[in-house]
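Visitor: I have a new structure open and would like to learn how to read it. Could you walk me through some of its features?

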Amino acid sequence: MWMSPSQNRTWVSEFILLGFSSDTMTNRILFSVFLLLYLSSVLGNGLIITLICLERHLHTPMYFFLCILSLLDMSYVTTTVPQMLVHLLAQSQTISFAGCWLQMYMFSGLALTECFFLVVMAYDRYVAICYPLRYTIILNWGLCTQLSAGTWACGFFVSFIHTFLTMRLPYCGPNRVNHYFCEGPSILNLACMDTHLIEMVGLFISVFMLVAPLSLIVASYIRIAQAILKIKSMQARCKAFSTCASHLTVITFFYAPATYIYTKPISRYSPERDKQISLFYNVFTVLLNPVVYSLRNKDIKGAFLKVMGKGRVAW
């Protein structure tokens, strides 16, 4: 902590992340589990990126967006888990004020980018099913690049506003954060002033950033369902529905816990329960995404077998 000469008040210069347990043996077990989950997540998403880059027949808008989603997920989980792993084994569990600021900004930026990006992926499915003959004309590479860049820019811009409003508050009292990373609600709870106005602004931003994209996704899938129901062939209907199933699964895994965490007032903040829910959408969702897309996607499985076949021949 450091002293402010003008106000004769002690300000927090670092935070202590309490994590999950203070028991050494429990932390070692958790370290092994989370290390395995983290490596699996990075390898799974990295494999999807590699396959899409290597196989020419996967160079389509749908797989371009899937590649970006995997990159987002890899970055997303890397903002929190490596530090958590270090804290599980280290004696010190501190993070500097600047480090906390940066972690919150990056985590929020990537999470918000994924919120917007799932809308882009819903639009991709809408165009593919409702306008199949014009799919590659409408979603040309220029538009795909612009949509992807736009989601990243919007995500990190909104994250900057949210992080700035949170971290500019005075933190002069307790610095023990009952969480495994610097998440907005857990840090805001430690501010030594009335945070009602900031809570209302944050709640408005959170609700808007979740409800607006989700509404666009629902609108896209209503149009998709209408188009599919007009298809006379049952086999063609099932095929069309199956192309959307993976995306709908990912949306559910991501939006359900995020909506619970970020659309409730700070007064209802429950550290232990919220830690578990944050862990689900931060770690487990990232791990499940490549599983969902690879198991339900013949092109991804075919590309994997083809690459493995080439590797065996080369060997």
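Guide: Gladly. Let us begin with a rule for sheets: two strands pair if DSSP finds at least two bridges between them. Keep in mind that this is a predicted model.

Visitor: In which sense do strand β3 and β4 pair, and over how many bridges?

Guide: Strand β3, residues 14–17, pairs with β4 in the antiparallel sense, and three bridges join them. Phe15, in turn, stands opposite Ile95 of β4.

Visitor: And what is the sense of the pairing between β3 and β5?

Guide: There the pairing is parallel, over two bridges. Leu17 stands opposite Val177 of β5. Put together, this gives an open sheet of three strands in the order β4-β3-β5, and its pairing is mixed. The edge strands, each pairing on one side only, are β4 (94–96) and β5 (176–177).

Visitor: How should I read the two faces of a strand?

Guide: The general idea is that side chains in a regular strand alternate between the two faces of the sheet. In β3, Phe15 and Leu17 form the covered face, while Glu14 and Ile16 form the uncovered one.

Visitor: Which helix lies across β3 and β4?

Guide: That is helix α4, residues 97–130, which runs at about 85° to β4.

Visitor: Now for helices. How is a packed pair described?

Guide: Two packed helices are described by the angle between their axes and the distance between the axes. Take helix α1 (residues 24–54) with helix α2 (residues 61–78): the angle is about 155° and the axes are 9 Å apart. Angles over 145 degrees count as roughly antiparallel, so α1 is roughly antiparallel to α2. Their crossing is left-handed.

Visitor: Which residues of α1 and α2 meet?

Guide: From α1 come Tyr38, Val42, Asn45, Gly46, Ile48, Ile49 and Ile52; from α2 come Tyr63, Leu66, Cys67, Ser70, Leu71, Asp73, Met74, Val77 and Thr78. By class, the contact of α1 with α2 has eleven nonpolar residues, four polar and one charged.

Visitor: At what angle do α4 and α8 pack?

Guide: The angle is about 15°, with the axes 9 Å apart. Angles under 35 degrees count as roughly parallel, and α4 and α8 are therefore roughly parallel to each other. The crossing of α4 and α8 is left-handed. Residues in the contact include Leu112, Phe116, Ala122 and Tyr126 of α4, and Leu210, Ile217, Ser220 and Ile224 of α8. The classes are 18 nonpolar, one polar and two charged residues.

Visitor: Let me zoom in on Ser220. Is Ser220 buried or exposed?

Guide: The cut-off for buried is under 20% relative accessible area. Ser220 has 13%, so Ser220 is buried. This residue lies in helix α8, residues 196–229. Leaving aside neighbours within four places in sequence, Ser220 is in contact with Ala122 and Tyr126.

Visitor: How far apart are Met106 and Val250 in sequence and in space?

Guide: They are 144 residues apart in sequence and 21 Å apart in space, C-alpha to C-alpha.

Note on methods. Residues are numbered from 1 along each chain as its sequence is written. This is a predicted model: local features need pLDDT of at least 70, side-chain atom pairs count only at pLDDT 80 or more; totals for chains, interfaces and linings use all residues. Side-chain values use heavy atoms; hydrogens and water are left out. Axes are lines fitted to C-alpha atoms, for helices over the stretch in contact, and angles run from 0 to 180 degrees between N-to-C directions. Helices (H or I, at least four residues) and strands (E, at least two) are DSSP runs, numbered from the N terminus. Angles under 35 degrees count as roughly parallel, over 145 as roughly antiparallel, 65 to 115 as roughly perpendicular and the rest as oblique. A crossing is left-handed if the near helix is turned anticlockwise from the far one by less than a right angle, and right-handed if clockwise. Contact means heavy atoms within 4.5 Å. Ala, Val, Leu, Ile, Met, Phe, Trp, Tyr, Cys and Pro count as nonpolar, Asp, Glu, Lys and Arg as charged, and the others, Gly among them, as polar. Buried means under 20% relative accessible area, exposed over 50%, partly exposed in between (1.4 Å probe, protein chains only).
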